[in-house]
Amino acid sequence: QNEKEKLTWSDRMPGYAANFGLILFMIMLTFSAVFGVIVYRITTAAALSFSTDETTRANVRVTVTATAVIINLVVVLILDEIYGAVAKWLTEIEIPKTEKTFEERLILKAFLLKFVNSYASIFYVAFFKGRFVGRPGRYVYVFEGYRMEECAPGGCLMELCIQLSIIMLGKQLIQNNLFEIGIPKLKKLFRKLKDERTVLKEMDTNQSKDPQQWDLDYILEPFTGLTPEYMEMIIQFGFVTLFVASFPLAPVFALLNNIIEVRLDAKKFVTELRRPDTVREKDIGIWYNILSVIGKLSVIINAFVIAVTSDFIPRLMYQYAYSQNGTMHGFINHTLSYFNVSQLKAGTQPENSLFAQEVSFCRFKDYREPPWSPHQYEFSKQYWAVLSARLAFVILFQNLVMFLSVLVDWMIPDIPKDISEQIKKEKTVLVDFFLKEEHEKLKLIESFMAHDKRKRRSGTKSKRTRAASFSQCHRSPKGSFTSFSSQHTVV
């Protein structure tokens with residue numbers, strides 16, 4: 001009965017399998033929510049396009065984008081709370097060996113789920129929206145009746161900015177500020193009501209006393225750790241760094257939010273939560289690795305945002321490779337391809353035309369061969385040239401930023417110069433002190449050794465003297481003492 005049972009790999013396998021399956025299910029649930037918002041965009045845009053109101057038809061894109069982002073924000077807030085509880089339960093069924101291992105696994109699971117939940121819709125707008133719509137005559141349809149949504153004529157960068165700003169500001173305002181103050185207050189109120197009912201049942205109504213300080217402290221909400229606080233900052237750091245090229249004001253809003261949240265957290269820790277247990281830690285643990293990964297990932301993502309989402313590379317390519325006079329004149333015409341309207345599929349032709357004359361060709365934004373080319377509607381040489389320039393920019397940008405980060409890390413020491421000098425002075429003082437102590441010990445040992453040596457010499461001399469005295473004096477046969485010298489003289 002006293003033997004400790006150790007869990008084997010077969011004992012932990014069901015927990016690992018449940019973790020893998022449920023995490024995969026949660027990620028697919030997030031993707032399904034994003035796809036649901038995409039379907040909402042497509043169907044709402046199609047419905048509003050048939051409206052009889054001229055103002056409604058003119059503002060279809062703005063209306064659809066704003067409402068879809070708000071819906072997406074609500075879904076993100078709801079799934080965040082669910083994912084936090086699911087991550088804790090999944091970590092518990094793994095049965096980690098130590099509390100540190102438990103915290104690390106919990107943080108990894110919660111971060112993975114909340115990372116996908118917070119940034120999935122933003123990644124879709126940045127890199128996937130408008131990329132798989134097809135071309136005239138061969139469009140991609142959803143549910144066999146709705147075309148895949150496209151970016152605005154100016155590109156998806158502005159829509160990415162709107163998506164990022166609304167989700168970031170909404171999460172900071174609602175989840176980081178209102179929830180942090182409101183939820184502890186509600187829990188405290190429910191706990192107080194529950195305790196009052198229990199006390200009223202147990203104690204006599206005639207007895208009344210003022211509540212003591214420990215009673216008031218017990219009413220406060222228990223401290224659950226700093227993981228939620230760290231998670232908020234990590235997700236905010238992702239919003240600030242991952243897509244900062246599309247929303248340069250993100251660091252300003254993050255700074256304003258942090259100034260407000262410092263005071264809110266101070267009030268929450270002092271008045272709403274119990275005093276936490278003191279735990280000594282040498283660093284921030286696994287959070288440093290997560291921050292490092294996000295920092296490196298942000299360089300790559302921003303490079304792709306600049307190269308793929310924006311028109312920065314196509315404009316540079318046109319100005320320096322295709323423009324006849326080195327200006328941007330004719331850039332729009334260069335980015336448009338031709339399509340023969342007679343090749344439209346039956347039932348997909350426009351019913352009315354805004355043009356008085358018969359239209360034979362239309363233009364669409366893409367780099368494709370014209371209808372009169374032997375390889376009609378295939379990607380043109382300009383497409384491959386721009387694609388090569390985009391990939392080259394990503395590689396160059398990533399390596400340049402990484403080199404600069406390493407250079408700055410090398411130039412700026414981890415320990416400030418004045419502190420390092422103070423540490424050197426302290427080490428010098430300690431070394432001098434130890435040398436002085438060792439010197440004093442050495443002198444003391446030498447004095448002891450000299451004293452012992454003198455003592456041994458004096459002891460040997462006194463022994464010799466006593467031996468000589470004893471040998472010089474002896475008793476005569478008659479009972480009298482005779483000196484050795486007289487005896488020797490007699491001999």
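Predicted model: local features only at pLDDT ≥ 70, side-chain atom pairs only at ≥ 80, totals over all residues.
Val408 is partly exposed, because its relative accessibility of 44% falls between the 20% limit for buried and the 50% limit for exposed.

**Around Val408**
- Val408 sits in helix H12, which covers residues 381–411.
- Val408 also belongs to a nonpolar surface patch of about 870 Å².

**Annotated spans**
- An unreviewed UniProt entry gives the feature "transmembrane region" at residues 20–42, 62–86, 106–128, 237–260, 286–308 and 391–412.
- In the model, residues 106–128 are 100% helix and 0% strand, with 31 Å between the end C-alpha atoms.
- Residues 286–308 are likewise 100% helix and 0% strand, and their end C-alpha atoms are 32 Å apart.

**The largest nonpolar core**
- This core has 40 residues, and Ile122, Phe239 and Phe243 have the most contacts inside it.
- At least two core residues come from each of helices H1 (9–49), H3 (60–94), H4 (99–128), H5 (157–202), H7 (227–242), H8 (250–272) and H9 (286–309).
- Helix H4 gives the most to the core, with 13 residues.

**A closer look at Phe243**
- Neighbours within four places in sequence aside, Phe243 is in contact with Ile122, Phe123, Ala126, Phe127, Leu160 and Leu164, among others.
- Its contacts also include Gly238, Ile301, Asn302 and Val305.

How values were computed. Residues numbered from 1 in each chain as written. Heavy atoms only, no water. Patch = residues over 30% accessible without salt bridge, like charges linked within 9 Å, V, L, I, M, F, W, Y side chains within 5 Å. Areas by Shrake-Rupley, 256 points an atom, 1.4 Å probe, with all protein chains shown as cover. Salt bridge = Lys/Arg side-chain N within 4 Å of Asp/Glu carboxyl O. Helix = DSSP H or I, 4+ residues; strand = E, 2+ residues; numbered from the N terminus. Buried < 20%, exposed > 50% of the residue type's maximum accessible area, 1.4 Å probe, protein only. UniProt positions renumbered as here; feature names shortened; annotations may be inferred. Core = buried A, V, L, I, M, F, W, Y, C linked by side-chain atoms within 4.5 Å. Contact = heavy atoms within 4.5 Å.
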